[in-house]
Amino acid sequence: MMAPFHFRPRVPLAWRILTYDKRRTGLALIGIFMAILLVFVELGFFYAVPRGGLLLYDNMRFDLLLASNEYEYQAQPGAFPLGQLGPVRSSPDVEEATPIYFGFAKWKSGEGGMWPDVFVIGFDPESHVFIPDSINRQTGVLGRADTVLVDTATRPMFGPLDTGRVVEIGDRKVTIGGQYVLGTGFMGLGVVVASAANFSRLYPQRGLDIVNLAAIQLKPGVDPDHAAEDLRKAVGPDLQVFTRKALEAHETAYWTTRTSVGIIFGSGLLISFVVGIMIVYQIVSTQVSRQLPQFATLKAIGYPDRSLAGTVSTMSLLIVIAGFVPALGAATGLYSVIRQETLLPVAMSEMRLLAVFAAAVAMALISALLSIGSLRRAAPADVF
Amino acid sequence: MLAGIARPGSVPLAWRNLVSNKSRLLRSAGGIGFAVLLMLMQLGFEQAFFESALAVIRGLDGDILLQSAHKYQFATRDPFPRADLEKARDVAGVASARALYADWFDFFWKNPIDGKIFLVRAFGFDPAAPVFSYADVNAERDKLKEPNTVLVDRRARRFLGMDSAATEAELNGTKVKIVGGFALGPDFQSDGTVIMSDRTFASLLHGPAGDPAAVDLGVIKVRDGNDPAAVQQSLRKALPGTIAVFTKPELIEFERNFQAAVSSAGPIFAMGTIVGFVVGMLISYQVTYTDLSDQLPQYATLKAMGYRTGYLLRVVFEQAAFNALAGWVPALLLSLLLYYVIGRLALLPLHMSAHVTLVSLGLTLGMCLISAAIAVRRVITADPAEVF
């Protein structure tokens with residue numbers, strides 16, 4: 001029987017029932033507030049993980065990204081010979097193609113004699129391929145021999161990150177030339193950026209002929225999708241060309257389907273949704289059973305089931321909406337705490353806001369539907 | 001027995017209150033149960049995170065483990081000279097000192113089904129000197145004596161194709177024969193694992209990384225009757241300061257501390273657990289408060305009949321504890337099912353442990369009793385004269 005769910009708002013009555021017992025309604029609000037907050041948090045984590053995986057790309061300037069066909073995700077990018085950039089650079093669509101080098105090395109100057117692994121990014125500082133101002137302001141520093149910039153999010157186990165400190169990376173003494181702000185994402189516990197020349201000094205056997213990625217800037221007005229199509233033909237099957245949109249989809253799919261992230265936060269999301277339903281249901285059905293004689297009276301004087309169902313649904317919706325607003329505020333605050341605590345880029349987005357609001361409305365309607373069952377039993381003759 | 005009936009405690013009032021309204025009981029058990037389920041899932045995930053990170057260390061068949069003093073976490077290659085392991089063998093009380101070769105960054109596995117290439121975790125050991133306590137690895141270790149043969153993790157992530165019936169695959173571009181399998185499962189760093197002989201390990205790693213004179217972990221067994229702590233002391237004296245000497249429980253603790261310090265898993269799952277607790281408290285407050293309001297005349301009557309407040313309090317708390325259990329038991333049962341399903345899907349070591357059982361029970365009782373304590377003030381102040 002879904003018929004009673006033919007929704008007609010009954011705001012005045014629902015409002016009066018809710019405000020009649022302020023204490024109880026207050027509690028209900030706290031409960032629904034927590035449930036919605038939890039939905040926000042789980043959803044935040046769910047999206048933060050792929051966002052963390054995209055952190056580097058979000059901070060890079062490119063229209064297309066060139067990678068080996070063995071590219072899996074940012075931390076396992078594969079590699080290709082520098083020579084394969086030739087046809088890309090000669091394409092009429094391409095303004096610039098900047099090779100990017102990735103490497104891991106032992107940071108032999110950690111706290112307590114530890115040698116944590118550091119992620120090293122090599123690039124041409126003049127290319128300005130990275131967006132953060134803190135990198136671009138220090139291109140001069142990057143030009144110095146055996147000098148690197150270190151990410152401010154590098155963990156304390158790497159020891160002090162002071163400018164001028166000489167550390168040993170791999171088998172080489174390197175000076176920390178300064179810091180930059182980007183974040184370590186899932187690149188590692190510590191990240192440094194270096195000029196290509198300094199990168200090759202850190203990895204003398206590798207040199208600069210093996211590249212991990214190339215950031216492609218297109219000429220103004222060139223459509224990335226078309227350019228990608230043409231470049232794919234030009235570079236052959238050994239390389240892949242990603243548009244930004246394709247890259248984001250690829251990385252997100254990696255994190256949500258290849259790792260346990262999707263299922264962990266997905267199941268958390270589902271359970272918090274059910275918990276939200278249980279709370280609203282608890283509140284509304286208690287109200288219904290407490291007001292059962294009144295509801296029965298309404299029925300007796302001729303109000304149809306449908307109208308009473310409308311009142312119950314309106315009660316659920318009012319509670320949920322009243323809980324949603326503070327939950328949104330608290331979630332925004334909590335996101336910033338999570339950002340600091342976990343270094344995950346959790347942020348509020350319009351999409352998420354709407355999604356959670358839709359989930360909250362769904363919670364309200366489902367719990368109303370559950371409560372209406374007992375309402376239908378409100379036979380005037382039984383109650384009195 | 002008759003005397004017993006006269007005693008107020010013998011009437012299971014809390015129990016009768018609880019079961020007098022079945023649909024209300026169902027509702028409260030549902031509400032509290034889902035809050036508990038939320039806590040159980042979060043606690044389970046947290047445990048699974050640490051368990052998966054510690055699984056390999058637990059699977060090592062040794063009392064004492066040697067590694068480079070610079071090695072900050074298990075899942076990183078930081079080898080030490082084999083000569084130091086030889087030295088350890090001569091220390092009094094050492095029954096055996098065996099080498100484990102391990103790598104997390106340099107072994108690329110080609111999925112035998114779709115030909116895609118993935119980074120995997122690789123372990124190597126001398127098949128004549130086993131280092132793992134995994135029965136399936138030890139049963140098949142002799143097959144590893146043939147060059148370029150491997151055992152694969154049947155519980156690896158599925159996209160690696162290690163759970164297939166394939167008998168051949170490629171590692172670092174070399175054809176390898178799959179001669180058996182074991183069930184370890186991925187952790188949050190590696191998707192799958194390949195185990196091979198020390199020789200195959202060295203030959204597949206190109207360059208200096210494949211140097212068989214550099215060992216990643218020394219697995220030491222103590223002679224029967226010797227105290228591991230004493231042998232540990234002797235080993236520390238005999239070995240240079242570049243070697244860290246851990247007992248197995250110490251290395252597990254070292255790794256656990258590392259994971260706790262760098263990963264977000266602790267705070268993420270703690271936050272979920274706290275939210276579950278608060279939500280559960282609110283629901284159970286709602287349940288107790290409603291029940292007390294409904295039963296207020298009855299409580300007042302009992303008071304008027306001369307029952308002490310202490311007795312009434314006990315009834316309320318007993319009832320809260322029953323409510324807690326009525327939510328906890330189904331939640332626990334449901335979580336067993338979810339652990340199983342999610343554990344299979346996500347390849348996580350999600351399983352109910354005494355720790356999770358007790359912590360969740362404690363939290364559930366805590367949230368119900370705290371909320372009962374807040375709600376019970378009504379009963380204490382219930383004035384028989386006012387209620388009627």
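Chain A folds into 14 helices and 11 strands, where helices (H or I, at least four residues) and strands (E, at least two) are DSSP runs, numbered from the N terminus. Chain B has 13 helices and 11 strands. This is a predicted model, so local features are given only at pLDDT of at least 70 and side-chain atom pairs count only at pLDDT 80 or more, while totals for chains, interfaces and linings use all residues. Residues are numbered from 1 along each chain as its sequence is written, and chains are lettered from A, with ligands numbered from 1, in the order in which they are written.

## Overall dimensions

Start with the spread of each chain. The radius of gyration here is taken over C-alpha atoms, and the globule rule is 2.2 Å times the number of residues to the power 0.38. For chain B, the rule gives 21 Å for 388 residues, but the radius of gyration is 29 Å, so chain B is more spread out than a compact globule.

Burial goes by neighbour count: a residue is buried if 20 or more other C-beta atoms lie within 10 Å of its own, exposed if 12 or fewer, and partly exposed in between, with C-beta atoms placed from the backbone. Two residues are in contact if their C-beta atoms, placed the same way, lie within 7 Å. Here are the figures by chain.

| Property | Value |
|---|---|
| Span of the C-alpha trace along the principal axes, chain A | about 90 × 50 × 30 Å |
| Span of the C-alpha trace along the principal axes, chain B | about 90 × 50 × 40 Å |
| Buried residues, chain A | 47% of 384 residues |
| Buried residues, chain B | 46% of 388 residues |
| Contacts with a separation of 6 or more that join residues 24 or more positions apart, chain A | 81% |
| Contacts with a separation of 6 or more that join residues 24 or more positions apart, chain B | 82% |

## Two domains per chain

Domain bounds come from an automatic or database domain assignment. In chain A, that assignment gives domain 1 (3-53 + 260-383) and domain 2 (70-237). Their C-alpha centres lie 48 Å apart, and 4 residues of domain 1 are in contact with 7 residues of domain 2. On the domain 1 side, those residues divide into 2 nonpolar, 2 polar and no charged. For these classes, Ala, Val, Leu, Ile, Met, Phe, Trp, Tyr, Cys and Pro count as nonpolar, Asp, Glu, Lys and Arg as charged, and the others, Gly among them, as polar.

Chain B is assigned domain 1 (8-53 + 264-387) and domain 2 (70-240), with C-alpha centres 47 Å apart. The contact takes 5 residues from domain 1 and 6 residues from domain 2 of chain B. On the domain 1 side there are 4 nonpolar residues, 1 polar and no charged.

## The cores

A nonpolar core is a set of buried Ala, Val, Leu, Ile, Met, Phe, Trp, Tyr and Cys residues joined through C-beta atoms within 7 Å. The largest one has 121 residues, and the members touching the most others are Ile32(A), Ile36(A), Leu37(A), Val39(A), Val275(A), Val280(A) and Ile319(A). Helix 2 (residues 22-53) of chain A gives the most to this core, with 19 residues. Take Ile32(A): leaving aside its neighbours within four places in sequence, Ile32(A) is in contact with Gly276(A), Ile279(A), Val280(A), Ile319(A), Val320(A) and Gly323(A). Apart from this core lies another, of 60 residues, including Ala67(A), Ile135(A), Val191(A) and Ala194(A).

## Where the chains meet

Between the chains, 41 residues of chain A are in contact with 38 residues of chain B. On the chain A side, helix 2, helix 10 (261-290) and helix 12 (305-342) each supply at least two residues, and helix 10 has the largest share, 14 residues. By class, this side of chain A has 23 nonpolar, 12 polar and 6 charged residues.

In helix 2 (residues 13-20) of chain B, Leu13(B), Asn17(B) and Leu18(B) are buried. They cover an arc of only 140 degrees around the axis, so they sit on the same side of helix 2 of chain B; the arc is that of the directions from the helix axis to the C-beta atoms. The buried residues of this helix pack against helix 3 (22-58), helix 9 (265-305) and helix 10 (309-346) of chain B.

Val91(B) lies in the loop between helix 4 (82-89) and strand 3 (94-110) of chain B. With 19 other C-beta atoms within 10 Å, Val91(B) is partly exposed. Leaving aside neighbours within four places in sequence, Val91(B) is in contact with Val231(B), Ser234(B), Leu235(B) and Ala238(B). Ser23(B) is 68 residues from Val91(B) along the chain, and their C-alpha atoms are separated by 70 Å.
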